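Colleague: Can you walk me through this model? I have some questions.

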Amino acid sequence: MENGGKKECYPGCGEADEDGYDAIVVGSGYGGSVAACRMSMAGIKVCLLEKGRKWEGQDFPTSSFKLLSTVRFENKSLGFGLGPKDALFQIHTEHDSLAATGAHLKRPKELGSCIACGNCLAGCPYNAKNSTDKTYLISAVEAGCSIKTDCEVKYVVKNPNDTNIHGKRARRWLVFLNDTEYLQSDFVILSAGVFGTADLLFRSQTRGLELSSRLGEGFSCNGNNSAYLAGCTTPLGAFGLHKEQFSKIPFQERPGPAISSSYTSSLGFTIQSAVLPTAYPYLIFKGVSTYGWPTGVWFLHGLIDKMKHSFGLKNSQAMALNVMGYDESDGKITFDRIRDKINFTPPNDLLLPRKIISFQKLTKKLGGILFMSRFRSTSVHLLGGCNASSDHFLGVCNSNGQVFDTKSPSSVHSGLYVCDASLIPCSIGVNPCLTIATASEHVSRHLVQDIINTYVGNDEKNSIEKERGSICSWKLEEKLRCDVRFKEVMRGHIGGMPCVAHLKMKMNAKTTNFDQGSHVFGKSHSLLRGIVGGYLDFNAVEKDRLYVIDGEVDLCEVDIRTPYTQFMHYRLLLVASSGSRYILEGKKAMNPFLLGLYGWKESTTLQVTFKKVMKNSQSEDMVDLKGVLHVSMIALMRSLISMKGNNKTKFVWLLSQSIFKTYFVKRHRGNFMGFPKVELLDRPYPRSTLHEIKTEDGFVIGCRQWKIKKDDSWRFEQEKNPYPVLLINGHSTESFWLPTESNDLVRTFLDKGHETWLLQTRLHPLCSSNSFTIEDIGRFDIPAAFDKILKMIDKSMKIHVVAHCVGGLAIHIAIMGGHISAARIASLSCTNSSMFFKLTPFSTFKMWLPLLPITMMILGENTILPLLKTTKEHLNHKLVKSIARFIPRYERCNCDECEVFSGIFGNTFWHENITSTLHIWMNKKNLSSLPMAAFPHLRKICNTGFIVDSKGNNSYLIHAERMSLPTLYISGGRTLLVTPQTSLLANKYMKLHHPGLRHERVVVEGFGHSDLFIGEESCKKVFPHILSHMSLAEKEDNLEENGKDYKCFYEYDRFEDGDLVFSSITVWFLLFLVALFLVPLVFDI
């Protein structure tokens, strides 16, 4: 947008704002104007931010009514401020002190001619005041400086990102204009005045910026006090003139500039006289905020003078007096975190009695009444608060204006400067304007050199052509933007500890992190994506608030792995005053289940993870918590009421439309996971041998064997060979042997030296039967597999068993039914199964309904259901698959085979947990058919809640003595089919009946049913539990074997002694027999 030859822009809109600036100057006073001018003239890309609005000469007040509309009063006792936030003057009162500051920027123009009207203090309406806009700012704009008015900076933080949204190097600092918007810069120069700079640094400190403990100390009011002299008989000429008075009063008799005379006392202070503008309400100076001297009728003087003015009589002479001296500079500025505002305590002024005496002497000489300020300190020249010193133990900045950090005494925050009256550590005794300008020139010289050194060798910087700068109103442009803003409050518990999130959303904003997600399909409407600010109250972790310094939200995110599910995704980077940083990430998952029956709960429940960003220090405590935050109905109504923006109606419509499509239309977004390449599905896999095994009942099953590679055998030569492992799958699908994955369970076991066997029971699609039960698997298939394994390996070795779902039921039937001995098993690990089988309420309801008997009746004798579309299928198969597609389930999928399978069983995994290639392999290559014959038996087990025989009798739980082995039961924390109660009951059962053995139970958060084995993160979060359990079992077994060997050694010794005794008796017995034989012979002779 062009305006008068100057380019208009606003933060977050133009490319310049996205790329950031070399330097950002906060404040357009003496310090900020000097710094902006010097940097711009040096060819540096500068942006100056001013809290106040742009003022033209005709905008300055010329009457008391207009003046009151340009003043804001801040009073601590009131707890709030009165007046516009962009007021021309800011009046701060606290206890017995008053401080006045200004916040405005005049549009740089050529200097006009002074007409000596005397209205300088209210702002020159004739553009004749030689202020910074006529000197430094106009030069800065000509040199390329961009100025943004109506733009209050809240705080600054170090940029947590390495790159920006364009992939370029990120700037060092983020300068926040509110809770959601910021500008980026490599250098930040704080020139917001004493109160403004201190307030900004205090806010930054609560957001983790490490600053000196001296912040706010050394505050000085420059010994300021004010008085008003009225009722003088001496002609003073200290009243400003109205425009209509110019023709009546010659130029030589006009009051002239506001300050034209001063008196310096040997007592250590200076008194200046000032002309009162016509806009000033004189009654305030005549008794409202003052007290009179000498005592008497002074309180009526204001009324009498006003009556004279009303009747057209000549007013008495009056003028304002301002005294400046030396105070103790021991005042202090503090920050009230509850009110989120600064407080101040003025310094002690030992010269105050002398100043009052001097005012009284002056009043006696000139005549009239002296109106002294009721405040002990009335200051317009504030100094200190960020004092310059040699190290951070004594001050906040060094002599060059660089802000200290606390890593070492003299170390500084790179690129952070203070350049205003805050640096001056003591009162000056005279008007400090020239002193501030001189200090700013000193800081600017070092600042420019620092920036030049930073960009040395940067050709991109050198090649930029400088253009004329711009002046624009951020507030005005903000009103034209098509964004939506609202607040959201969520309450809940994280890690069992209470937490409240107060968030501020700005929708239709550019985001970075979400657009880079590898599984995010496309982008939602820009009005449903935005940035987040605000804070968290989480006192269990940090006593102070956790502020959001980088937050993003997408209210309609769709993962390509779950195209029917809508997510509301939040990602917040939080920072505490201690400097610690945390990441809170959460999702509201909305699934098209039962026509939005859970819609309210899902759309108002945020499942979150809360982690601490670890630094290099190893002494830090790691924080990794999970929890839930909720939005109440009242909080939701407040969010709707707080909504602002030009497009709020469109925003509500888009969000409602998206939710309606999710829950009722049930339209998927995009194709499921794309189409992976064929070579990814056929990834090389370790060689295996498939053994055909004939069971006792004559059925042929398969058992696949993976041997240890010869190349890897050297690792186990010095050790006892690890026991082999037998893997038993769940119903139909493969859980362990996953050719598309690099870290499946088979590869994991082989890498650890375990010979691995995978049992393909009659439940497997390749070995399926039209008539069998789960009891047949436990009675015939598993014992046959054990016999085969023991024949091919050392019979003295035991076997680890890992079973999933129905496989877990079958192994318990085999053991507790006495078909195999627990003595053969080294350890047993079961996932989502045990001798108990507890389903979710919805799955239990499905099992209770007569759907299964009807399905079996439709299938008839051919109970094997083909799943692949390429397979020829009968009419009854088509009917069963149609029924399965119609049955509700929590997550829907574009893949027809997955839809049919999940319709029959329910969702067996969370799609977000598995890879796209695995999903395609499972449904297009592995799961060709679904044997249904075992379902009637499975239904009986599900309805009873524990393993029973095919007739429904409790034939197994009564044989607890047969389960004498170490066990591990694993459940998924995000329940889909089987609840964690399954593993809980089994663990208690084993500890009750076999307390001398080791029994473990693990609940893995974030996993459902089969994704415990097939999940992308299973190798990190699930497999280690199984490996640890097996390793401990082998160690325990080795210790037990060593104990038996020791015992047998002594038994062998005893048998050796016995053998010796037995041999001697035998010899003597033989000799006795020989003697008996020889004696008769001798007597015969």
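Below, we go through the fold, some residues and some ring pairs.

Modeller: Before we start, this is a predicted model, so local features need pLDDT of at least 70 and side-chain atom pairs count only at pLDDT 80 or more, while totals for chains, interfaces and linings use all residues. Residues are numbered from 1 along each chain as its sequence is written, and side-chain values use heavy atoms, with hydrogens and water left out.

Colleague: How many helices and strands are there in the chain?

Modeller: Both kinds are DSSP runs, numbered from the N terminus: helices are H or I with at least four residues, strands are E with at least two. On that basis the chain has 28 helices and 45 strands.

Colleague: What percentage of the residues count as buried?

Modeller: Buried means under 20% relative accessible area, exposed over 50%, and partly exposed in between, with a 1.4 Å probe and protein chains only. The chain has 1085 residues, and the buried part is 54%.

Colleague: Where is Ser 769 found, and which residues is it in contact with, leaving aside neighbours within four places in sequence?

Modeller: Ser 769 belongs to the loop between β39 (756-760) and α17 (774-792). Its relative accessible area is 14%, so it is buried. Contact means heavy atoms within 4.5 Å. With neighbours within four places left out, the partners of Ser 769 are Phe 699, Arg 762, Thr 863, Ile 864 and Ala 933.

Colleague: How many aromatic pairs does the count come to, and what is the angle between the planes of Trp 706 and Trp 737?

Modeller: Rings of Phe, Tyr and Trp (its six-membered ring) pair if their centres lie within 6.5 Å; planes under 30 degrees apart are stacked, over 60 edge-to-face, and the rest tilted. The count by this rule is 25 aromatic pairs. Trp 706 and Trp 737 are an edge-to-face pair, 5.9 Å centre to centre, with planes at 65 degrees.

Colleague: Why does that pair tie together parts that are apart in sequence?

Modeller: Trp 706 is in strand β37 (residues 700-706), whereas Trp 737 is in the loop between β38 (725-728) and α16 (745-751). Trp 706 is also buried, at 0% relative accessible area. The pair therefore ties together parts separated in sequence by 31 residues.

Colleague: Which ring does the charged end of Lys 45 sit over, and which one does Arg 207 lie over?

Modeller: The rule asks for NZ of Lys or CZ of Arg within 6 Å of the ring centre and within 35 degrees of the ring normal. For Lys 45, the charged end is 5.2 Å from the centre of the ring of Tyr 21. Arg 207 is at 3.7 Å from the ring centre of Tyr 547.

Colleague: Where does His 919 lie, is it buried or exposed, and how many Å is it from Cys 898, C-alpha to C-alpha?

Modeller: His 919 is part of helix α23 (residues 916-926). With 0% relative accessibility, His 919 counts as buried. Cys 898 is 21 residues away from His 919 in sequence, and their C-alpha to C-alpha distance is 8.7 Å.

Colleague: What is phi of Ala 116 near, and of Asp 340?

Modeller: Ala 116 is in the loop between β10 (105-106) and α4 (132-142), and it is buried at 6% relative accessible area. Asp 340 is in the loop between β21 (331-336) and β22 (341-345), and counts as partly exposed at 26% relative accessibility. Phi is positive in Ala 116, a residue other than glycine, and near 60 degrees; for Asp 340, phi is also near 60 degrees.
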